[in-house]
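Good morning, and thank you for coming. Please look at the structure now on the screen while I describe how some of its parts pack together.

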Amino acid sequence: MADDIIISAPKLTAAVEAIVAKGGSNPREAKLVAENLVEANLKGHDSHGVGMIPRYIQSLVEGGLSVNQAPKIVLDTGPLVRLDGQAGYGQVIGHDTMNIAIERAKKHGLCAVGLHHAHHIGRIGAWAEMAVAAGLVSMHFVNVVSRPIVAAWGGGDGRFGTNPICIGVPRKGKDPIVLDFATSRIAQGKTRVAHNKGVTLPPGTIIDNEGRPTVDPRFTVVPPFGAILTFGEHKGYGLAMIAELLGGALTGGATMRKAYDGQTQGVYNGMLTIVLDPEKLGTSEHFQHEIDAFTGWVQSGPVAQGFDKVRLAGDPEREWKAKRLKEGVPVDPTTWGDIIAAGGKVGLSKAEIEKIAGL
Ligand code: NAD
């Protein structure tokens, strides 16, 4: 297996920005997309980082992704907003959606935004992080419309996506709690990363095309397709179902029903976001006191065998970021080759991209 290529975050951002801009995006869009993807890499989620670029560019070429879109307001009662993502880059649509949600929650105390038909909105934690930075609690239920890749509990093939759920809790003067995970045992992008790296998946993660357990990631990347399992057996399946119904249906968007056409690379998200202001609820001081007291109690317990400490959700991402800002972002050679090929599709040469990336 060839070594990873190490690129500094600013240089990687500049390279991705150049590819996205060449695809027709305005400077703001190119910057938001590049920064969001590199931030995912920095936070240790390579599955939602720059490795998404080949898929985005292919979707752009196919006409599944529209450049320079803004969320279109379909309904606006003040605290209730419904938005159409217009198949725009999810990094821009997600960003603008959160600005609306934050502004409304500050005003009304509570805001629910139903977003449908955004192209892939990436790492959901990015959206909760915007709200917690404004002192707000943020909850997100997301569905994915693309190839059905996750099996129902008891099911033998893929029927829905990796449907993430994310909740952010602000902490005054301290790092926030950001719980952000796919309801599948593993994010789809992580199976792609494993496939590109030529490594196996942990047992109990996926099934093959005949519903049998396997550790070979190819069954989630190339036909014949198997499926990823939900985490927590029936419980993760239940959460995935709720994320599909709230993120996909309640928002006015589509739920997953059709089998993959085997061709297109477009991936669309619906997201129900609920943002709440503890100040307006009148519990802000008490809430912060209890968060500190409770997390302090939880983290002061003995450490179990095999662990170095008890962490809070959001801690691992912050640890990754500190490390990768210092050491650079590793990109595996297959992913890098795919990014170069994506650049080629919009007219940017390997030499140009590698020059920008400082390689
Ligand atoms: P994961 O399994 O790595 O879990 C991440 C969560 O668990 C984070 O909140 C993290 O802080 C917490 N965590 C991890 N280790 C911990 C520890 N030791 N102690 C306490 N908390 C800990 O995440 P995942 O399921 O692989 O999802 C990865 C990313 O993929 C997420 O950002 C998710 O939003 C994104 N995603 C996006 C889509 C989409 O369609 N846009 C679909 C699926 C997943």
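This is a predicted model: local features need pLDDT of at least 70, side-chain atom pairs count only at pLDDT 80 or more; totals for chains, interfaces and linings use all residues.

In helix H3, the residues Ile 53, Pro 54, Ile 57, Gln 58 and Val 61 meet Asp 338, Ile 339, Ala 342 and Lys 345 of helix H11; contact here means heavy atoms within 4.5 Å. Helices (H or I, at least four residues) and strands (E, at least two) are DSSP runs, numbered from the N terminus. The residues of this contact comprise six nonpolar, one polar and two charged. Ala, Val, Leu, Ile, Met, Phe, Trp, Tyr, Cys and Pro count as nonpolar, Asp, Glu, Lys and Arg as charged, and the others, Gly among them, as polar.

Residues are numbered from 1 along each chain as its sequence is written, and side-chain values use heavy atoms, with hydrogens and water left out.

How do the two helices lie? The axes of H3 (residues 53-62) and H11 (residues 333-345) come within 8 Å and cross at roughly 25°. Axes are lines fitted to C-alpha atoms, for helices over the stretch in contact, and angles run from 0 to 180 degrees between N-to-C directions. H3 is therefore roughly parallel to H11; angles under 35 degrees count as roughly parallel, over 145 as roughly antiparallel, 65 to 115 as roughly perpendicular and the rest as oblique.

Which residues touch the most other members of the largest nonpolar core? Of its 33 residues, they are Ile 53 and Trp 336. Such a core is a set of buried Ala, Val, Leu, Ile, Met, Phe, Trp, Tyr and Cys residues joined through side-chain atoms within 4.5 Å, where buried means under 20% relative accessible area, exposed over 50% and partly exposed in between (1.4 Å probe, protein chains only). Helix H2 (27-42) is one of the elements giving two or more residues to this core, and H2 provides the largest share, seven residues. Leaving aside residues up to four places away in sequence, Ile 53 touches Val 16, Ile 19, Val 20, Leu 37, Ile 339 and Ala 342.

The axes of H1 and H2 come within 8 Å and cross at roughly 140°, so these helices are oblique to each other.

Finally, His 289 lies in helix H9 (residues 284-299) and counts as exposed, at 53% relative accessibility.
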